[in-house]
Amino acid sequence: MGEILKMNTIHDYHEFLGVKTLHPLVSVIDLSEVPPIRMARKNLGFYTVFLKDVKCGDLRYGRKMYDYQEGTLVFIGPGQIVGDDDNGTRVQAKGWALLFHPDLLLGTSLGRKMKDYSFFSYEANEALHMSDREREIVINCFREIREELEHAIDKHSRSIITANIEVFLNHCVRFYDRQFITRKDVNKDILTRFEDLLNGYFESDAPVSYGLPSVAFCADKLNLSANYFGDLIKKETGKSAQEYIQFTIIEKVKERFADSSKSVSEIAYEMGFKYPHHLSRLFKKMEGCSPNEYRVALNY
């Protein structure tokens with residue numbers, strides 16, 4: 001692995017590309033206008049969105065390689081690592097890049113909503129694949145932002161720019177919703193694998209050794225980011241991934257309650273609860289009665 005270049009500011013990235021900085025906190029770059037550049041692994045201190053217009057080779061994103069396809073959007077949050085080691089050649093990129101620093105968002109409506117744009121924590125293989133119409137909308141958004149950047153900065157610049165970025169991100173939410181729908185077969189397969197994972201987990205000794213399965217654990221086993229996995233499960237089932245896990249836990253607990261030789265405490269430890277009262281609290285929340293009340297009714 002080669003050196004990782006730390007780029008904390010938009011200007012740092014512009015210097016790397018050899019382009020002019022119009023605004024210290026935000027930038028829109030038409031990558032076809034940038035001279036061919038050497039590859040490098042970069043730790044970016046700002047939000048970045050790449051739109052690739054052509055297939056242009058592999059991108060290392062975090063620990064994984066991603067084979068860019070035409071018309072994809074990749075979202076990168078601050079502190080993530082992108083790029084690949086320098087192999088001595090120069091690459092001519094084509095497409096667009098939107099960069100904006102967290103400082104731009106301080107005290108704005110967009111700043112308060114950024115946590116809702118969970119795709120900035122997706123893996124690169126969970127990129128947004130767009131139709132021609134969607135791509136046209138995205139490029140128009142980029143051009144609107146760039147046009148504002150080409151004006152002299154005044155007291156209105158920040159609110160106009162952040163509003164335009166928010167419009168762009170809201171379009172992306174809509175496009176991801178469409179992608180979840182059009183990939184129903186893939187999503188159903190993931191849901192089936194999720195169910196199999198939970199069933200296998202509770203049929204093993206893993207709960208006693210490792211406790212209850214977390215969303216992050218399940219996502220990792222399915223080779224998905226926790227945020228993408230959570231969003232997918234919500235779209236498919238109407239439940240959050242955590243709610244789905246809890247639903248499965250309670251169903252497994254109810255199956256074990258049929259064995260009257262085991263106490264609630266024994267079953268709680270077998271299921272991976274740290275303390276029996278944690279099971280009682282979750283059961284009451286999910287079923288509206290205590291485990292003992294349920295067992296009495298079950299054996300009535």
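Biologist: How are helix α3 and helix α4 oriented to each other?
Modeller: Keep in mind that this is a predicted model. Helix α3 covers residues 132-149 and helix α4 covers residues 157-182, and their axes lie 9 Å apart at an angle of about 170°. Angles over 145 degrees count as roughly antiparallel. The two helices, α3 and α4, are therefore roughly antiparallel.

Biologist: By class, which residues make up the contact of α3 with α4?
Modeller: On the α3 side you will find, among them, Ile-137, Val-138 and Phe-142, and α4 contributes residues including Ile-160, Ile-161 and Phe-168. Glu-134 of α3 and Arg-178 of α4 also take part. By class, the contact has 11 nonpolar, 3 polar and 4 charged residues.

Biologist: How are helix α5 and helix α8 oriented to each other?
Modeller: Helix α5 (residues 184-202) packs with helix α8 (residues 226-237) at an angle of about 100°, the axes being 10 Å apart. Angles of 65 to 115 degrees count as roughly perpendicular. So α5 is, relative to α8, roughly perpendicular.

Biologist: How do the residues of the contact of α5 with α8 divide by class?
Modeller: From α5 come residues including Ile-190, Leu-191 and Phe-194, while α8 brings Phe-229, Leu-232 and Ile-233, among others. Lys-184 in α5 and Glu-236 in α8 belong to the meeting residues too. They divide into 6 nonpolar, 2 polar and 3 charged.

Biologist: Is strand β11 largely enclosed or open, and how many of its residues are buried?
Modeller: In a regular strand the side chains alternate between the two faces of the sheet. In β11, Gly-95, Ala-97 and Leu-99 lie on one side and Trp-96, Leu-98 and Phe-100 on the other, and all are buried. Strand β11 (residues 95-100) is therefore largely enclosed by the rest of the structure, and its buried residues number 6 of the 6.

Biologist: Which residue of β11 is the bridge partner of Ile-29, and which is that of Phe-50?
Modeller: Strand β2 (residues 26-30) pairs with β11 in the antiparallel sense over 5 bridges. Strand β5 (residues 47-52) also runs antiparallel to β11, joined by 6 bridges. The partner of Ile-29 is Ala-97, and the partner of Phe-50 is likewise Ala-97.

Biologist: What kind of aromatic pair do Phe-100 and Phe-120 form?
Modeller: The pair links distant parts of the chain, with Phe-100 in strand β11 and Phe-120 in the loop between α2 and β12, 20 residues apart. Both residues, Phe-100 and Phe-120, are buried. Their rings are 6.2 Å apart centre to centre with 85° between the planes, an arrangement that is edge-to-face.

Biologist: And is the pair of Tyr-176 and Phe-180 stacked, edge-to-face or tilted?
Modeller: Tyr-176 and Phe-180 sit 4 residues apart in helix α4, about one turn of the helix. Each of the two, Tyr-176 and Phe-180, is buried. With ring centres 6.3 Å apart and planes at 35°, the pair is therefore tilted.

Biologist: Is Ser-290 buried, partly exposed or exposed?
Modeller: Look for Ser-290 in the loop between α11 and α12. Not counting residues up to four places away in sequence, Ser-290 touches Phe-283 and Lys-284. Buried would mean under 20% relative accessible area. Ser-290 has 22% relative accessibility, so it counts as partly exposed.

Methods. Residues numbered from 1 in each chain as written. Predicted model: local features only at pLDDT ≥ 70, side-chain atom pairs only at ≥ 80, totals over all residues. Heavy atoms only, no water. Axes fitted to C-alpha atoms, helices over the stretch in contact; angles between N-to-C directions. Parallel < 35°, antiparallel > 145°, perpendicular 65-115°, else oblique. Contact = heavy atoms within 4.5 Å. Nonpolar A, V, L, I, M, F, W, Y, C, P; charged D, E, K, R; others polar. Buried < 20%, exposed > 50% of the residue type's maximum accessible area, 1.4 Å probe, protein only. Pairing = 2+ DSSP bridges. Phe/Tyr/Trp six-rings, centres within 6.5 Å; stacked < 30°, edge-to-face > 60°.
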